[in-house]
Amino acid sequence: MRAVIVDDHPLARVRLKDLLNDMSDIECVGEAKDGKTAIALIRTMQPDLVFLDIHMPDLSGLDVLRRCDPRPLAVFTTAYNQYAVTAFELHALDYLLKPFGSDRLRDAVERARSSLRLEQQAMQFERAELALNHTQPLARVFIRQRGQITPVSLDQVEHLEARGDYVALWQGTRSHLLRARLAQLCNRLDQETFFRIHRSHVINLTRVKAFSSHDASRVQVELETGKRVLASRSRSVKLRERLAF
């Protein structure tokens, strides 16, 4: 693969280039220290992969991608880990938190190689916009399974269930595993549609068949598939307030 490095810190560019030079199957074909130079370089070299610093003085990494046509696959690099808490954990794009080592970089390169085989470049940019645009709720997420990447529309998900470092997205009787914490994902869901009824469960209110009282303090939710989920006591209070019952 042909790669370009974009970073406003010279030492960061040197270190990343040295790491890439140790990999026989990827070639660094150019470097840029700012967004405007990066755009010109990408247009000229048309690389397969760009390592993009998120924070730069003139243009952000996403601004650079927005102005490139065609748009290359991008791996974001940054010293700030707050961006990793939400969308990048959803595999919107790979994300390297500085300082990173050769093993982590090799994983990113392999993921990029797989993405080049499996995805259209237009989808990559759309996912990057979703990743960095925290003002809009997620409409869909991308699931990796059986060597493929599949989009899952969240309006088709009736129930989300926490499973450690993963979230199970239930579509009917099928579930998809997404590598993310439920608490992180909740911040990106449409609050008018999804409601967290338990620390381990979120329901799609449009996919509820019925609500009923389990006991004096807890609400039971029956979903369209017939599955029943019990709300916690504290969330039952919030749910009753939300639904006015």
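## Pairing of β1 and β2

Strand β1 (residues 2–6) and β2 run parallel and are joined by 5 bridges; two strands count as paired if DSSP finds at least two bridges between them. Helices (H or I, at least four residues) and strands (E, at least two) are DSSP runs, numbered from the N terminus. Of the 5 residues of β1, 4 are buried, a term that stands for under 20% relative accessible area, with exposed meaning over 50% and partly exposed in between (1.4 Å probe, protein chains only).

Val29 lies in strand β2 (residues 27–32). Because its relative accessibility is 17%, Val29 counts as buried. Apart from neighbours within four places in sequence, Val29 is in contact with Arg2, Ala3, Val4 and Met45, where contact means heavy atoms within 4.5 Å. Between the C-alpha atoms of Val29 and Leu41, which are 12 residues apart along the chain, the separation is 9.4 Å.

## Helix α1

Helix α1 (residues 10–21) contains 12 residues and spans 16 Å from its first C-alpha to its last, close to the 16 Å expected at 1.5 Å a residue. The expected span is 1.5 Å times one less than the number of residues. Buried in α1 are Arg13, Leu16, Leu19 and Leu20. These residues are on the same side of α1 because they cover an arc of only 130° around the axis, the arc being that of the directions from the helix axis to the C-beta atoms. Leu11 and Asn21, on the other side of α1, are exposed. An α-helix has 3.6 residues a turn, so residues three or four places apart point the same way.

## Backbone at Gln46

Gln46 is located in the loop between α2 (35–45) and β3 (49–53). Although Gln46 is not a glycine, its phi is positive, at about 50°. Most residues other than glycine have a negative phi. Gln46 counts as exposed because its relative accessibility is 53%.

## The β11–β12 hairpin

Strands β11 (residues 194–198) and β12 (residues 201–204) run antiparallel and are joined by 4 bridges. The hairpin that connects β11 to β12 passes through 2 residues. Phe194 is placed opposite Asn204 in β12.

## Chain totals

The chain has 7 helices and 15 strands. Buried residues account for 47% of its 245 residues. Among contacts with a separation of 6 or more, 51% are between residues 24 or more positions apart. The accessible surface comes to about 12,500 Å², and 47% of this belongs to carbon and sulfur atoms; such areas come from the Shrake-Rupley method with a 1.4 Å probe, and for residues only the protein chains shown count as cover.

## Confidence and conventions

The mean pLDDT of the chain is 83, with 84% of its residues reaching 70 or more; pLDDT is the predictor's confidence in each residue, from 0 to 100. Among the elements of the chain, β12 has the highest mean pLDDT (96) and helix α5 (residues 121–132) the lowest (57). Over residues 83–92 the pLDDT is below 50, and this stretch has 39 contacts in the model beyond near neighbours in sequence. Where pLDDT is low, the predicted coordinates should not be read in detail.

Local features need pLDDT of at least 70 and side-chain atom pairs count only at pLDDT 80 or more, whereas totals for chains, interfaces and linings use all residues. Residues are numbered from 1 along each chain as its sequence is written, and side-chain values use heavy atoms, with hydrogens and water left out.
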